[in-house]
Amino acid sequence: MKIIVCVKQVPDTAAAMTVEDGVISWGDAQLIINPWDEYAVEAALNLVADQGGDVTALCLGKEGETEAIKHALAMGADTAVMVSDPALKGSDNVASSRVLAAAIQKIGEADLVLFGQQSVDTDTGLLPSQVARVLGWPSLTLVSKFESVSGDDGKIQVLRTMEEGGQVVDSSLPAVVSVTKDYAEPRYPSFMGIRKASKAEYPIWSLADLGIEAPTSSVSWPEVMEPEQREIVTEMLSGDTPEEMAQNLVDKLIAEKVL
Amino acid sequence: MTKKILAYIDHFQGKEQPSSWEGLGLASAIAGDSGGEAAALVLGDGVGNLAEAAVHYGADRVYLADDPILKDFRPEPLADAVKQAAESFQPDLILFPSTTRGRSLAGMAAIDLNTGVMVDVIALDWSGDEIIATRPIYAGKLLANLVCSSTPQIITFRTRAFDKPEPDSGRSGEVTKLDVSLDGGAVATSIVSIQEKEEGVSLSDASVIVSGGRGVALNPNLEAPGDLDEEAADIWKAEQGFALVKELADVLGAAVGASRAAVDAGYIPYDHQVGQTGKVVSPDLYVACGISGAIQHLAGMRSSKVIVAINKDADAPIFNFARFGLVGDMHAILPPLTEKIKTYLSS
């Protein structure tokens, strides 16, 4: 089966984010593949190992944002496509989903499109549902388990997670799936994989290559800011015994009216 | 200008997600200020009771589609119904709770209605007729103000960010049956089974959270059974530690949270994880037990009103964010703490 896995480059989650002159900065933090996307790549690789086929990593981003694609290739993805165009600066999620959908159609013949559950920068988690909607394919978000997959029959059964538990869903293919962290621990790229990825060549498609105009973006972010640092006065509580420490805490919580 | 607001009522098998009422409260506040109309959108199978409740919680009108095709969560037919409701009511603003279902449907509605969507909104402000929506990004390390240039504007709001209105059973409102044309045969998915989680307080809705970190496995006075290998012994010890966390949580009516370190070590399932790659929470009281306070964890909980940290390491970063700190062994402190809180609450 043919699987496209969408990946994104983000700053390391350990980065302390700041705003300098109205612009987001992650200092000298490393740029990495969005950690959620690693689960999607892992799932894609396991599915083709089982079913045969190939995995294409697809990344929408600024030119030079190569970390996500390189990591996916190093993990074992067969090929990659980057979509990049200056006209996409400031795209909202609706515009991004239309561009990704166009790229998925240009790659063609996908049975499954996989996403991580969200990105750790904007945290919206919207693209899987939106790309599915644009394509007119079923959207299966927050999947923790593939119960059965048959590319030949065009069928899939997955376990989706929800606040209240899970639901097992049957769906036809092609479909869009977002994969959660419960799926399985993603593999580390092998030394050979990293070498292969560093030498890999892949196309960079512009909007003209996709045959579309820049889609309309309605949502913009005129302002980003650092949250107000609350003045927290930390009171360290002590006691000669754990009982005394516990009592001191209870007294404080009652005085603070949180109990 | 008068505003028409449509608030989506999220539910699981006819039982509402409590945050849905927060959206209705927001909808009626905005509609009331502008002399407009707050409508609720109730979609499902056998959900007439929710339509009635929506009126009590402030809806002037309820759009109701009660249809077997809308049973369980299948986004496609539900999104079709949202679209038809929006075309019929012509709202200026559609509100969804930031739940799994609310988020999916909001995203799809933005595609269907050719507009934009702003998610996880924690505050709304107005500049003339324009909404300015504030939302956390990078798991709350930063905030962004968003504007949307097209209508209807679509917003998902973070649970507990807006006040829940008091229900008034004396209120009356009009229930409009949505005449949706849905083709069940065309839906590409079917629900095979539903696995309900055991009852427990969910992290997103909780007003109190008790969380455990790596420290849960580090009880100095506990020996794991001799037949376990190192990893199994570690997990066994962690389970004993989390049992103490859970006992305190039960007494407080709290949800149980965990750090990524505890989840990655296999001490507790992922759905308890608080932080940048877990849930972002903002309870009234957050008790961190044996959690050092990595930046990813802090991002997910530092907006809690009162943070209590219990940690053996006096230099743990968590103490910088805590209102109250106890330097000591959580395994020794939690049992008497649980007892004393239990005694206080029952007095």
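Guide: Helices (H or I, at least four residues) and strands (E, at least two) are DSSP runs, numbered from the N terminus. Axes are lines fitted to C-alpha atoms, for helices over the stretch in contact, and angles run from 0 to 180 degrees between N-to-C directions. The model is predicted: local features need pLDDT of at least 70 and side-chain atom pairs count only at pLDDT 80 or more, whereas totals for chains, interfaces and linings use all residues. Residues are numbered from 1 along each chain as its sequence is written, and chains are lettered from A and ligands numbered from 1 in the order in which they are written.

Two strands are said to pair if DSSP finds at least two bridges between them. Within this sheet, E1 (residues 4-8) and E6 (residues 93-97) of chain B are parallel and share three bridges; B:Ala7 has B:Leu95 as its bridge partner in E6(B).

Chain B is divided into domain 1 (4-186) and domain 2 (208-346), with bounds from an automatic or database domain assignment. The C-alpha centres of these domains of chain B are 35 Å apart. Five residues of domain 1 of chain B are in contact with six of domain 2 of chain B, contact requiring that C-beta atoms, placed from the backbone, lie within 7 Å.

Between the chains, 72 residues of chain B are in contact with 68 residues of chain A. The chain B side comprises 40 nonpolar, 21 polar and eleven charged residues; Ala, Val, Leu, Ile, Met, Phe, Trp, Tyr, Cys and Pro count as nonpolar, Asp, Glu, Lys and Arg as charged, and the others, Gly among them, as polar. Strand pairing also crosses from one chain to the other. Strand E11 (residues 165-172) of chain A and strand E13 (residues 189-196) of chain B are antiparallel over seven bridges, with A:Asp170 partnered by B:Ser190. A further open sheet, antiparallel and of four strands, runs E14(A)-E10(B)-E9(B)-E8(B). Its edge strands are E14 (219-225) of chain A and E8 (123-127) of chain B, and its twist averages 30 degrees from one strand to the next.

Chain A contains seven helices and 15 strands, and 49% of its 259 residues are buried. A residue is buried if 20 or more other C-beta atoms, placed from the backbone, lie within 10 Å of its own, exposed if 12 or fewer, and partly exposed in between. Twelve of the 17 residues of H1(A) are buried, so this helix is largely enclosed by the rest of the structure; among them are A:Trp36, A:Asp37 and A:Glu38. After H1(A) comes A:Gly52, with a positive phi near 80 degrees.

Note on methods
Contact = placed C-beta atoms within 7 Å.
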